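Okay, thanks for coming, everyone. Let me put it on the screen.

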Amino acid sequence: MHAAVVHTFAEPPRYDEFPDPVATGPGEEVVEVLASGLHPRVRSQADGTHYTATDELPLVPGVDGVGRRADGSLLYFVLPDTALGAMADKTLVDPGRSIPVPNSIDPVLLAAAMNPAMSSWVALKRRVTFTPGQAVLILGATGSAGRLAIQTARFLGAGRIVAAGRGAERLAALTALGATDTVDLAGDDETVAQELAAKAADVDVVLDYLWGPVTEKAIMPLLLARTDRSRLLSWVEIGSVAGPDIALPSAALRQANVCFSGSGQGSVSAAGILRELPDLVAEIGRGTFSVDAVARPLAEVAEAWADAPARATERVVLVP
Ligand SMILES: NC(=O)c1ccc[n+]([C@@H]2O[C@H](COP(=O)([O-])OP(=O)(O)OC[C@H]3O[C@@H](n4cnc5c(N)ncnc54)[C@H](OP(=O)(O)O)[C@@H]3O)[C@@H](O)[C@H]2O)c1
């Protein structure tokens, strides 16, 4: 079969021949891949930098996708850490990590949406006690996951949704998705701190896709401006687009009732993540969320890797 194949972590994958997968037990089933998303998680898998990476090469990247079973039915699958990923004509799925999807669903849309959407869906359902009416701040709201986080928070009944990201035009577009306020993180430090304090100090939950210096500079202004610092603020770390580390002043933890946690593979079990997905699949199928997906042939994987997306909000999906 053909697949996107990583031969060295120093180079992007290329379209190549790869041995057909063979099912060897009841937890394995070969499916025809219809679509698989090129998520940031897949880029870090393919360059060996994700925290789950092993040194195993050659590697077919792709952590999830939509496939067709031998009986013609469709499923959405999440793969375990494996060197035989989803960016191939066929892959090996575990039926226990798969969700049946209706044949009417658009595989490209579903493959584009599931990974970024589940980041906030799982965080709000599993990592915090989120109740309708609560207020949410999203740090990194202009990306695929951030845009879906706005829509997920709205769907789950958030009262106020403050969307923070870079670029006035992209931020303005977030209001239509459900953002009630925006903060432009591209400003100077003082202005950003003041805006965050004015618009988001009293939120209940922070969904943080950025971390690094952006988060570091946001913590104290937000905490110090809270009307009641003893009221719980749940800060959920989901991505680290702006940097992997922060320095956290000890005073932050004493001066406010802030609880830092994370959401991702490990902090939520695979079984826990999977339990949340059928409802999410159903909502995506119903058209609840607006998703910017663009399909590219798997044979163009090298170009797809190298090209910057035409729009920063766009999620590329490879189609064998
Ligand atoms: N834990 C989970 O369950 C989970 C699941 C899915 C995704 N994630 C993670 O979530 C993160 C975001 O994923 P994504 O799919 O949304 O990626 P994406 O579509 O590539 O979006 C990333 C966004 O971050 C913005 N950004 C980058 N640096 C920034 C900075 N310094 N300040 C403000 N904005 C900045 C980018 O905007 P610019 O154009 O301004 O750079 C872009 O809009 C990734 O780290 C991903 O691995 C985690």
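Predicted model: local features only at pLDDT ≥ 70, side-chain atom pairs only at ≥ 80, totals over all residues.

How many cavities of 30 Å³ or more does the structure hold? Two. The largest cavity has about 70 Å³ of space. Helix 3 (144-155) gives the most to its lining, with four residues, and helix 2 supplies at least two. Where does the largest cavity lie? Domain 1 (2-104 + 290-319) and domain 2 (116-262) both contribute to the lining, so the cavity sits between them.

Now, the packing. The largest nonpolar core has 29 residues, and among those touching the most other members are Tyr-76, Met-114 and Ile-284. Helix 2 (107-127) is one of the elements giving two or more residues to this core, and its ten residues are the largest share. Domain 1 and domain 2 both give residues here too, so this core lies between them. Take Ile-284: beyond its neighbours within four places in sequence, its contacts include Leu-110, Met-114 and Phe-289.

Last stop, the second largest pocket. There's about 180 Å³ of space in there, and the lining residues include Phe-9, Arg-41, His-50 and Asp-81. By class, that lining is four nonpolar, five polar and three charged.

Note on methods: Residues numbered from 1 in each chain as written. Heavy atoms only, no water. 1 Å grid on protein atoms, 1.4 Å probe; cavity = no way out; pocket = protein on both sides within 12 Å on 5 of 7 lines; lining within 4 Å. Points joined across faces, edges and corners; volume = space filled by probe spheres on them. Nonpolar A, V, L, I, M, F, W, Y, C, P; charged D, E, K, R; others polar. Core = buried A, V, L, I, M, F, W, Y, C linked by side-chain atoms within 4.5 Å. Buried < 20%, exposed > 50% of the residue type's maximum accessible area, 1.4 Å probe, protein only. Domains from an automatic or database assignment. Contact = heavy atoms within 4.5 Å.
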